[in-house]
Amino acid sequence: MRTLSLLAIAVVFSTGCTSSPTTVDANFGQAVRRAQAQQTLDPDAPSRPRRPAGADGQAAKSSIDRYQKSFDAPPPPVNVLNIGIGSGTTGQ
């Protein structure tokens, strides 16, 4: 009797480990695709080559040179005026 009840319990618990086949709805993911389409300003933009607006070659080169020169010398230190902070006393 005990063996039969243990076998029944084992069968019940083992059915929880199996997965039943599920069918996916035909419209699964449609809401995400619709939201992406609504948030896309120009869907054909990746297929068209475009120049950067407002930058010709000479202006771009001078901005890159200016950026590179900014690393040559560190910026000057900023003077900070602290009044009443860190007076050195512990208050005892």
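Is Ser47 buried or exposed? Keep that in mind while you get oriented; this is a predicted model.

**Start with confidence.** Colour the protein chain by pLDDT. The average is 80, and 84% of the residues score at least 70. Select helix H1, residues 2–15: confidence is lowest here, at a mean of 79. Now select helix H2, residues 30–39: confidence is highest there, at 92.

**Go back to H1.** Pick Leu7, which sits in this helix. Its relative accessible area is 52%, so Leu7 counts as exposed, the cut-off being over 50%. Together with Leu7 they make a nonpolar patch on the surface. The four share about 490 Å² of accessible area.

Select Ser47, in the loop between H2 and helix H3 (57–69). Here is the reply to the opening question: Ser47 is exposed, because its relative accessible area is 60%. The Ser47 side chain reaches the backbone oxygen of Asp44 at 2.8 Å.

**Last stop, the rings.** How many aromatic pairs does the structure hold? There is one. Select Tyr67 and Phe71 to see this edge-to-face pair. The ring centres of Tyr67 and Phe71 are 5.1 Å apart, with 90 degrees between the planes.

Conventions
Residues numbered from 1 in each chain as written. Heavy atoms only, no water. pLDDT = per-residue confidence, 0-100. Helix = DSSP H or I, 4+ residues; strand = E, 2+ residues; numbered from the N terminus. Patch = residues over 30% accessible without salt bridge, like charges linked within 9 Å, V, L, I, M, F, W, Y side chains within 5 Å. Areas by Shrake-Rupley, 256 points an atom, 1.4 Å probe, with all protein chains shown as cover. Salt bridge = Lys/Arg side-chain N within 4 Å of Asp/Glu carboxyl O. Buried < 20%, exposed > 50% of the residue type's maximum accessible area, 1.4 Å probe, protein only. Polar contact = N/O pair within 3.5 Å; in protein donor to acceptor, adjacent residues only side chain to side chain. Phe/Tyr/Trp six-rings, centres within 6.5 Å; stacked < 30°, edge-to-face > 60°.
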